[in-house]
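Subject: Structure for you, with notes

Hello,

Here is the structure for you to look through. My notes on what was found in it follow below.

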Amino acid sequence: MAIPFLKEMRIGGYMLKQKLLGRKRYPLVLMLEPLFRCNLACAGCGKIDYPDAILNRRMTAQECWDAADECGAPMVAIPGGEPLIHKEIGEIVRGLVARKKFVSLCTNALLLEKKLDLFEPSPYLFFSVHLDGMRDHHDKSVSQKGVFDRAVSAIKAAKARGFAVNVNATIFDGHAAEDIAKFLDFTSELGVGVSMSPGYAYERAPDQEHFLNRTKTKRLFRDVFALGKGKKWNFMHSGLFLDFLAGNQEFECTPWGMPARNIFGWQKPCYLLGEGYAKTFKELMDTTEWDSYGTGKYEKCANCMAHCGYEPTAANTAFSHPFKALAVALRGIRTKGPMAPEIDLSKQRPAQYVFSEQVQKKLSEIRRDETLAAQQKASTAA
């Protein structure tokens, strides 16, 4: 299946259309989180620290399709939680593929082999399996032994059935460049592409000691890319984003590039930060104070170099300045020499902590809905 070419052509055509329409802000990838419940509890994850009443909630298939239609982005990534726990995940994916959305189903793969029958191979569907490194490193990262072996077994099973499979790796402080390089060699042996991003410093993550700052991120990725000279690691990123990770590009975040929809609504301002929620995608785009977010503007964004904010920047740069992208493609990722100037943090606004407020608001909505449903059931029975 000629997936990358078809995807790049469709996304390029979509971006050209947005430019011709004069749209300053537009999404590239919908981050669809139909549930927060997960069957792992990773030390660096800040996505699942919710009461059971929220973890037990699910977006319906119709809500997922409505979000994709409303957003209009050509790609839909389905992270979580663990999306394979969702009982309607097969139906959700079929509906998105029928809409000709490129679907990246992100999974830790513990249930993948068991649930492969729910899906059909398609140029519009690929599995993105979570693997943070080789066996010992990954099992430690997800706080459970045996997960690496099950994920690798599931990858091989999915590929044997004709599915496209990539892996996604989150990189934390303390992961040696040499070990990351060995992991990338391993992905080449598996025949899968790799998306790789430094972990965002979630305020609710159990492990707060291993998030990379921007300086460490750039040095680490320079070391990794230097070890990859002459190798053909199959990154699922643009060359400009990789060059940014190596400290060679002076990018600012594009938070609206990958908007997030979950059981709370449309998340402000991005997939990583939940500072408020909008009922519609239009409300998200119209009411979010976009200029208040990003490195140098907001304390919580200070060390972020995650793909969901900066890959859209790289894509827009490649579209607007193709010779810049071509130069990186020809010379490769630069691993020596001075880095691009770092963004000044002296004027960033302090962090606001609104997690508890948002959770209490959602719990009140859940209790209200349950009361109304009970009253309606009693009325019908009478």
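Arg25 sits over the face of Trp256, 4.9 Å from the ring centre. A charge counts as sitting over a ring if NZ of Lys or CZ of Arg is within 6 Å of the ring centre and within 35 degrees of the ring normal. Arg349 is placed over the face of Tyr293, at 4.9 Å from the ring centre.

This is a predicted model, in which local features need pLDDT of at least 70 and side-chain atom pairs count only at pLDDT 80 or more, while totals for chains, interfaces and linings use all residues. Residues are numbered from 1 along each chain as its sequence is written, and side-chain values use heavy atoms, with hydrogens and water left out.

Aromatic pairs

Rings of Phe, Tyr and Trp (its six-membered ring) are paired if their centres lie within 6.5 Å; planes under 30 degrees apart count as stacked, over 60 as edge-to-face and the rest as tilted. That rule gives 21 aromatic pairs. One of them is the tilted pair of Phe36 and Phe264, with 5.9 Å centre to centre and 50° between the planes. This pair links distant parts of the chain, 228 residues apart: Phe36 is in the loop between strand S1 (29-32) and helix H2 (52-55), and Phe264 is in the loop between strand S7 (260-262) and strand S8 (265-269). Helices (H or I, at least four residues) and strands (E, at least two) are DSSP runs, numbered from the N terminus.

For accessibility, buried means under 20% relative accessible area, exposed over 50%, and partly exposed in between (1.4 Å probe, protein chains only). Phe36 is buried at 2% relative accessible area, and Phe264 is buried at 13%. Phe36 and Phe264 also belong to one aromatic cluster with Tyr50, Tyr277 and Phe355.

Strand S4

Two strands pair if DSSP finds at least two bridges between them. S4 runs parallel to strand S3 (residues 102-107), to which 5 bridges join it. S4 also pairs with strand S5 (residues 164-171) in the parallel sense, over 5 bridges.

Salt bridges

A salt bridge is a side-chain nitrogen of Lys or Arg within 4 Å of a carboxyl oxygen of Asp or Glu. The count by this rule is 17. Among them is the one between Lys216 and Asp173 (2.9 Å, N to O). Lys216 is in helix H9 (residues 214-227) and Asp173 in the loop between S5 and helix H8 (177-190), so this pair links distant parts of the chain, 43 residues apart. Lys216 is partly exposed at 40% relative accessibility, and Asp173 is partly exposed at 24%.

A second salt bridge joins the side chains of Arg214 and Glu342 (3.0 Å, N to O). Arg214 lies in helix H9 and Glu342 in the loop between H13 and helix H14 (355-381), so the pair ties together parts that are 128 residues apart in sequence. Arg214 is buried, at 5% relative accessibility, whereas Glu342 is partly exposed, with a relative accessible area of 37%.

Within helix H14, Glu365 and Lys362 are 3 residues apart, so about one helical turn separates them. Their side chains meet in a salt bridge (3.4 Å, N to O). Glu365 is partly exposed at 25% relative accessible area, while Lys362 is buried at 10% relative accessibility. Elsewhere, salt bridges that share partners join Arg57, Arg368 and Asp369 into one network.

Arg331

Arg331 is in helix H13 (residues 322-331). With a relative accessible area of 43%, Arg331 is partly exposed. What does Arg331 touch, not counting residues up to four places away in sequence? Arg331 touches Asp243 and Gln249, where contact means heavy atoms within 4.5 Å. Arg331 and Pro198 are 133 residues apart in sequence and 24 Å apart in space, C-alpha to C-alpha.

Regards
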